[in-house]
Amino acid sequence: VGFCYIPVVEGRPVRMRRLPCCGLGMGWFLFIIGFFFAAIPWYVGAFVLICVRVHDYREKPGYVACTIATVAGLCSFWFFNSEISRV
């Protein structure tokens with residue numbers, strides 16, 4: 001119960017490399033700057049999640065956040081510009 005797997009090579013623990021963008025990772029970086037740059041980075045993050053194979057599993061949650069923000073933004077844009085909201 002509560003075991004943590006730490007890979008070991010020749011008696012020394014293997015250290016994971018640091019994530020880019022101040023340790024956040026590109027996914028979370030794109031998510032945060034999407035609030036300041038008109039959601040364009042969210043589309044980039046969604047494209048990366050859907051079309052590019054990401055080798056580091058630690059990057060995936062940020063890209064998923066970008067995809068959720070993209071879908072939410074498109075749905076709200078569609079709803080507020082549809083005929084239903086003008087009634």
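Contact here means heavy atoms within 4.5 Å. The model is predicted, and local features need pLDDT of at least 70, side-chain atom pairs count only at pLDDT 80 or more, while totals for chains, interfaces and linings use all residues. Residues are numbered from 1 along each chain as its sequence is written, and side-chain values use heavy atoms, with hydrogens and water left out.

- Thr70 lies in helix α3; helices (H or I, at least four residues) and strands (E, at least two) are DSSP runs, numbered from the N terminus.
- With a relative accessible area of 8%, Thr70 is buried; buried means under 20% relative accessible area, exposed over 50%, and partly exposed in between (1.4 Å probe, protein chains only).
- Apart from neighbours within four places in sequence, Thr70 is in contact with Trp42, Tyr43 and Ala46.
- The Thr70 side chain also reaches the backbone oxygen of Trp42, at 3.1 Å.

**Nonpolar core**

- A nonpolar core is a set of buried Ala, Val, Leu, Ile, Met, Phe, Trp, Tyr and Cys residues joined through side-chain atoms within 4.5 Å.
- The largest nonpolar core has 10 residues, namely Leu30, Phe31, Ile33, Ala39, Trp42, Val48, Tyr63, Ala65, Cys66 and Ala69.
- Two or more residues each come from α1 (26-34), α2 (40-51) and α3 (60-80).
- Of these elements, α3 gives the most to the core, with 4 residues.
- In soluble globular proteins, nonpolar side chains tend to be buried together.
- Tyr63, a member of this core, is in contact with Met26, Gly27, Leu30, Gly45, Val48, Leu49 and Val54, leaving aside its neighbours within four places in sequence.

**Salt bridge**

- The count comes to 1 salt bridge, taken as a side-chain nitrogen of Lys or Arg within 4 Å of a carboxyl oxygen of Asp or Glu.
- The side chains of Arg58 and Asp56 form this salt bridge, at 2.9 Å from N to O.
- Arg58 counts as partly exposed because its relative accessibility is 24%, whereas Asp56, at 11%, counts as buried.

- Ala38 is found in the loop between α1 and α2, and its phi is near 55 degrees, a positive value in a residue other than glycine.
- Ala39 is found in the loop between α1 and α2, with a positive phi near 65 degrees.
- Ala38 is exposed, at a relative accessible area of 65%, but Ala39 counts as buried, at 17% relative accessibility.

Terms used:
A polar contact is a pair of N or O atoms within 3.5 Å; within protein, one must be able to donate a hydrogen and the other to accept it, and residues adjacent in sequence count only if both atoms are side-chain atoms.
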